[in-house]
Amino acid sequence: MFQILVEFQRTIYLAVGEQIKLLSVGGDWLAFMGFLPMGIVFGAAHALTPSHSKAVLATYLAGSDAKVPRGLFVSITLSFTHVMIAVLIAVLSLPLVSITLGSVGRAPLLEDISRGLLGLIGVWMLWRALSRGHHHKHEGEAVGVMAGLIPCPLTLFVMTFAMSRGVPGAGMLFAVTMMVGVALTLSCVAVLSILFRERLVDFFAGKPLETISRTIEGVAGLALAGVAVWQIMFAS
């Protein structure tokens, strides 16, 4: 399944590269606009490939008390940050992107910052579960931003290529449509995570609700911190 997704993304990436090449030599913008919906499919497929962002989103929402609208907002925040941080790096040429052949499109510094901050969120959730703390109303947005700090490598590819061809606007437009696709996939993850938590609470109906909620949150916080530590130690 993973290999199929990789090949599918590669096909679309090569196609968008051809479209950008055509634009750079005076091609038709209308034809390019007609191709843009493929960016949504591209983004949705990209978000299905293994990444720590989906695990973070699912773990956080499973342990929080967020409802579906809040979960959707967090997933959109994550998607926006994930794609737009890549656009920002490409546009400003920030010295954060690895240029080694084996890791083109990665930003190791931002990845480590993201993992560290998410680990802190996990510890905070665990501490709050143990101390009967209250949810901060902006915590979800913070998780979305922190998880999204790892830039989308495919957006970096497209933006860099478009800028090298003198049509940065084409890269921006494709990045926006790709962000929609990423948001669609992550929104599905968010809704399923929240429904899972609600079904779990229903399963334990009759037992003290506060104890159940605190236990779920504590486990989620521990898992989130564990994912961050594992990523820092073994995935860098």
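Modeller: Before we start, helices here are DSSP runs of H or I with at least four residues, while strands are E runs of at least two. Keep in mind that this is a predicted model.

Colleague: Okay, how far apart are the end C-alpha atoms over residues 170-196?

Modeller: That stretch is one of those the unreviewed UniProt entry annotates as "transmembrane region". In the model, residues 170-196 are 100% helix and 0% strand. From end to end, their C-alpha atoms are separated by 40 Å.

Colleague: And what percentage of residues 142-164 is helix?

Modeller: UniProt's annotation "transmembrane region" also covers 142-164. The end C-alpha atoms there sit 34 Å apart.

Colleague: Is Thr81 buried or exposed?

Modeller: Thr81 belongs to helix α5, and leaving out residues up to four places away in sequence, it touches Gly144, Val145, Gly148 and Leu149. The cut-off for buried is under 20% relative accessible area. Thr81 comes in at 12% relative accessibility, so it counts as buried.

Colleague: Last one: what does helix α3 span from its first C-alpha to its last?

Modeller: Helix α3 runs over residues 37-48, twelve in total, with Phe42 and His46 among its buried residues. At 1.5 Å a residue you'd expect 16 Å. The model's value is close to that, at 18 Å.

Conventions: Residues numbered from 1 in each chain as written. Predicted model: local features only at pLDDT ≥ 70, side-chain atom pairs only at ≥ 80, totals over all residues. Heavy atoms only, no water. Expected span 1.5 Å × (residues − 1). Buried < 20%, exposed > 50% of the residue type's maximum accessible area, 1.4 Å probe, protein only. Contact = heavy atoms within 4.5 Å. UniProt positions renumbered as here; feature names shortened; annotations may be inferred.
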